[in-house]
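Please view the sequence and the model first, then read the points below.

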Amino acid sequence: MIGMGILVGVIVILIAVILMLLFIQYRQKRDVELTLAQHKNTLIDLELQVHQLAAQKFEEYKTTLLQTEQDRIHSEQKVVAEAYFEQWKMEYEMVIRQDAIKKSQAVTIGKVTEHMVPYFSGVFPYNPKEARFIGSPIDLIVFDGMETTPENISIHFIEVKTATSTLSPKQRAIKYAILNKRVEWKELRV
């Protein structure tokens, strides 16, 4: 009964952490949207300034020589090019920010899943009491049978992956070391 209370407590804490992370991500998304709106307003102001400058320069054209007109055209082209450059920078910045938010969400979900997977009975076939979270370079070590039959324990190295994620080079090297039986027991006395 105490174990069930602890499990419920852990689940409540994990749900609270998930809700907190989702709220933080919501605020980040809202901040990005506000920044985008500000950038759009700046772009509108720049376009208005370009149009006002063009009207002013047209009047000057009526009273100046050809060289002055050529200088004006060059100046307008520069302003327009800068406005388009600013627009391009704003659009590209938003794409990068949105991609970073998406990747951050995926990492957060993966880390939460790694901690919670021992408590998913339909997914995790081992006793959660026998699992030890390591986190890096692999997620879990399970001492299967430690609680029930200590004389017949089997040890499992487990890496939790979500969606289409794959093993890192270090994780792959650990997997092959285990599969090739390059695993030893050493006792250190200090």
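The points below cover helices, a surface patch, a pocket, ring and backbone features, and salt bridges.

This is a predicted model, in which local features need pLDDT of at least 70, side-chain atom pairs count only at pLDDT 80 or more, and totals for chains, interfaces and linings use all residues. Residues are numbered from 1 along each chain as its sequence is written, and side-chain values use heavy atoms, with hydrogens and water left out.

- Helix H1 covers residues 2-63 and contains Leu19; helices are DSSP runs of H or I with at least four residues, strands are runs of E with at least two, and both are numbered from the N terminus.
- Ile11, Ile15, Leu19 and Leu22 make a nonpolar surface patch of about 350 Å².
- Such patches are made of residues with over 30% relative accessible area and no salt bridge, where nonpolar side chains (Val, Leu, Ile, Met, Phe, Trp, Tyr) are joined within 5 Å and like charges within 9 Å.
- Accessible areas come from the Shrake-Rupley method with a 1.4 Å probe, and for residues only the protein chains shown count as cover.
- Leu19 has a relative accessible area of 54% and is therefore exposed; the classes are buried for under 20%, exposed for over 50% and partly exposed in between (1.4 Å probe, protein chains only).
- Gln28 is also found in helix H1, and its relative accessible area of 36% makes Gln28 partly exposed.
- Gln28 and Arg97 are 69 residues apart along the chain, and their C-alpha atoms are separated by 9.8 Å.

**The largest pocket**

- The volume of the largest pocket is about 410 Å³.
- Among the 18 residues that line the largest pocket, Val107, Gly110, Lys111, Glu114 and Lys161 are the closest to its centre.
- A pocket is found on a 1 Å grid over the protein atoms alone, as an open set of points where a 1.4 Å probe fits, with protein on both sides within 12 Å along at least five of seven lines; lining residues have an atom within 4 Å of a point.
- For the volume, grid points are joined across faces, edges and corners, and the space filled by probe spheres set on the points is taken.
- Helix H2, residues 66-116, gives the most to this lining, with 6 residues.
- Gly110 is found in helix H2 and is buried, at a relative accessible area of 12%.

**Aromatic pair**

- The whole structure has 1 aromatic pair.
- Phe124 and Tyr126 form this pair, which is edge-to-face, with 5.4 Å centre to centre and 70° between the planes.
- Rings of Phe, Tyr and Trp (its six-membered ring) pair if their centres lie within 6.5 Å; planes under 30 degrees apart count as stacked, over 60 as edge-to-face and the rest as tilted.
- Phe124 is buried, with 6% relative accessibility.

**Backbone and loop features**

- A cis peptide bond runs from Ser136 to Pro137, with omega near 5°.
- Pro137 is in the loop between strand S1 (131-133) and strand S2 (140-144).
- Ile138 is found in the loop between S1 and S2 and is buried, with a relative accessible area of 9%.
- Ile138 and Ile178 are 40 residues apart in sequence, and 12 Å apart from C-alpha to C-alpha.
- Lys181, a residue other than glycine, has a positive phi near 60°.
- Lys181 belongs to the segment after helix H3 (169-179) and is exposed, at 70% relative accessibility.

**Salt bridges**

- There are 7 salt bridges in the structure, each a side-chain nitrogen of Lys or Arg within 4 Å of a carboxyl oxygen of Asp or Glu.
- One of them joins Lys161 to Glu159, with the closest N and O atoms 3.4 Å apart.
- Lys161 is partly exposed at 34% relative accessible area, and Glu159 is partly exposed at 21%.
- Glu184 and Lys186 form a salt bridge at 3.7 Å, N to O; Glu184 is exposed at 63% relative accessible area, and Lys186 is exposed at 64%.
- Glu187 and Arg189 form a salt bridge with their closest N and O atoms 2.7 Å apart, and both residues are exposed.
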